Amino acid sequence: MSQSASTSTICVIGASGRSGSALCRQLIAQGRSVIAVVRSRGKLAPDLAEMCTAVRQADLTDPVALPIALEQADVVVNTAHARHLPAILLATLAPVVALGSTRKFTRWLDDHGRGVLAGEAALKADGRPSILLHSTMIYGAQGEDNVQRLARLLERLPIVPLPGGGRSLVQPIHQQDVTRCVVAAIDLILGGKVSGPEVFIIAGPNAVPYRTFVRMVLYFSGLGGRPIISLPAWFLIAAAHIIRHVPKLPTIAPEEIRRLLEDKNFDIAPMRERLGVNPISLEIGLQSLLAVTPAHQDHTDYF
């Protein structure tokens, strides 16, 4: 770590969120000065609040409070939605590292995806040294609701209906690798190795069919096998509307089902080469998250 990195002050927007809190803990463990920027102080973990150099409250839509919250920052990290980037860029002159989303590539663009595109456009137009990291689905964070929600749903289902039989590819990334990418981006900026806006896709090492992902979740959750059947997306979307009214059953939004028809596989050579991050395998990540591995099963059962 360079001297400028070790003595720098990092403002983390969204510090009470999953990615934000994980990043704060990592930066503090490295001896960095961290200013947590949150919308509500009560949502920040008490131990994290004590470890941060400061905790500042600001709504990202407040043009008065936000610049005050970002004062003294050597780098501003935005772990909130990328749609807030235009406001953040107006509120500070500091370099920015931000999390975006590969949702920007979907054929069914929604407000989330349009917000990511708007944030990226603002960052590129601004021109300052900055890095935007578009992540695939993030799993493994404390309290995350991607893999664990799927595991809860699978526990209730005797069969697994998937659009297109679950052939479309997914490439999830573990939270610890997201954190490593953000820290690497911060260090590139503080080390003077970024001259203008840069954009990277961050993802797991390999894409797998969604049905393989489901089988891996079943396996590492200790749930055993489930038959996977192919059903039309329109039918599953209609069923999703009904499931919303079933008590205690995890719900799946119709737009999530539509996106299961899209391949989400990306080249991460730039992530490896520029950020120096080699992500952990999905198998290792899921095993560490779900923490149940039936000893009598062979590891190839989910393929």
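This is a predicted model: local features need pLDDT of at least 70, side-chain atom pairs count only at pLDDT 80 or more; totals for chains, interfaces and linings use all residues.
**Entry 1: the largest nonpolar core**

I began with the largest nonpolar core, which has 40 residues, and I noted that L133, I186 and L275 have the most contacts inside it. Helix α8, residues 175–190, gives the largest share of this core, with 10 residues. I then looked up L275 by itself: setting aside neighbours within four places in sequence, I found it in contact with L133, C181, A184, A185, L188, F200, I202 and P270. Another core, of 23 residues, lies apart from the largest one, and its members include L85, I88, L89 and A91.

**Entry 2: helix α8**

I next asked how covered α8 is, and I found that 13 of its 16 residues are buried, so that the helix is mostly covered. For its length, I took 1.5 Å a residue, from which the 16 residues of α8 should span 22 Å; the end C-alpha atoms are 23 Å apart, which agrees. Just after α8 I came to G192, which takes a positive phi of about 75°.

**Entry 3: helix α6**

I made the check of length for α6, residues 111–126, as well: at 1.5 Å a residue its 16 residues should span 22 Å, and its end C-alpha atoms are 22 Å apart, which agrees. Which residues of α6 are buried? I listed G113, G115, V116, G119, E120, A122 and L123. I also wrote down what these buried residues pack against, namely α5 (85–91), β5 (96–99), β6 (130–135) and β11 (197–202). Just after α6, G127 takes a positive phi of about 90°.

**Entry 4: the second largest pocket**

I turned to the second largest pocket, which holds about 340 Å³ of space. It is lined by 21 residues, and L153, L157, P161, L236 and I252 are the closest to its centre. I sorted the lining by class and found 20 nonpolar residues, 1 polar residue and no charged residues. Where does the lining come from? At least two residues each are supplied by α7 (147–156), β8 (160–163), α9 (210–220) and α10 (233–243), and the largest share, 5 residues, comes from α10.

With a relative accessibility of 23%, A239 counts as partly exposed, because buried would require a value under 20%. I placed A239 against R103, and the two are 136 residues apart in sequence and 24 Å apart in space, C-alpha to C-alpha. I also placed A239 against T61, and these two are 178 residues apart in sequence and 37 Å apart in space, again C-alpha to C-alpha. T61 itself sits in the loop between β3 (54–57) and α4 (65–69). Is T61 buried or exposed? Its relative accessible area is 59%, so I recorded T61 as exposed.

**Entry 5: Q72**

My last entry concerns Q72, which lies in the loop between α4 and β4 (75–78). Most residues other than glycine have a negative phi. I also noted that Q72 is exposed, with a relative accessible area of 61%.

Definitions and conventions: Residues are numbered from 1 along each chain as its sequence is written. Side-chain values use heavy atoms; hydrogens and water are left out. On a 1 Å grid over the protein atoms alone, a cavity is a set of points where a 1.4 Å probe fits but cannot get out, and a pocket is an open set with protein on both sides within 12 Å along at least five of seven lines; lining residues have an atom within 4 Å of a point. Grid points are joined across faces, edges and corners, and a volume is the space filled by probe spheres set on the points. Helices (H or I, at least four residues) and strands (E, at least two) are DSSP runs, numbered from the N terminus. Ala, Val, Leu, Ile, Met, Phe, Trp, Tyr, Cys and Pro count as nonpolar, Asp, Glu, Lys and Arg as charged, and the others, Gly among them, as polar. A nonpolar core is a set of buried Ala, Val, Leu, Ile, Met, Phe, Trp, Tyr and Cys residues joined through side-chain atoms within 4.5 Å. Buried means under 20% relative accessible area, exposed over 50%, partly exposed in between (1.4 Å probe, protein chains only). Contact means heavy atoms within 4.5 Å. The expected span of a helix is 1.5 Å times one less than its number of residues.
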